[in-house]
Amino acid sequence: QVQLVESGGGLVQAGGSLRLSCAASGFQFDIHEMGWYRQAPGQQRELVARISGGGSTNYADSVKGRFTISRDNRKNTVILRMNSLKPEDTAVYYCTVITYRDYNGENYWGQGTQVTVSS
């Protein structure tokens, strides 16, 4: 059973930093690409950052240079470090396994963690 548990969200002032963590279980973590998505109220869920099993990364243009995704394959954990936060980064952040889907072909998602950036 795939489980993804996010933590680390909170309220921060603009310019501040947060560190999100996703603990994964129920699949072979080290071979799968992982990703962080976010969803702001009234908007579609969007990809923020992704990391392959080997550590190759890719970022949305809106977060390049400010966010860093990393993973620890020994601990089955993926981290999103967010610096220079802006009010427009406010959203619920979700962790997902990009290359491993359920029997319907749908993504597995965690419960999400709220990030709120005040101006």
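Is R74 buried or exposed? R74 is exposed, with a relative accessible area of 78%, where exposed denotes over 50% relative accessible area, buried under 20%, and partly exposed the range in between (1.4 Å probe, protein chains only).

The structure is a predicted model, in which local features need pLDDT of at least 70 and side-chain atom pairs count only at pLDDT 80 or more, while totals for chains, interfaces and linings use all residues. Residues are numbered from 1 along each chain as its sequence is written, and side-chain values use heavy atoms, with hydrogens and water left out.

**Salt bridges**

Side chains of opposite charge can pair when their charged atoms come close. A salt bridge is defined here as a side-chain nitrogen of Lys or Arg within 4 Å of a carboxyl oxygen of Asp or Glu. By this rule the model contains 6 salt bridges, including those tabulated below.

| Pair | N to O distance |
|---|---|
| R38 and D89 | 2.9 Å |
| D61 and K64 | 3.1 Å |
| R74 and D72 | 3.5 Å |

**The R38 and D89 pair**

A salt bridge joins R38 to D89. R38 belongs to strand 4 (residues 34-39) and D89 to the loop between strand 8 (77-82) and strand 9 (91-101), so the pair ties together parts that are 51 residues apart in sequence. Strands are DSSP runs of E, at least two residues long, numbered from the N terminus. Both R38 and D89 are buried. These two residues are also linked with E46 and R66 in a network of salt bridges.

Technical notes: Helix = DSSP H or I, 4+ residues; strand = E, 2+ residues; numbered from the N terminus.
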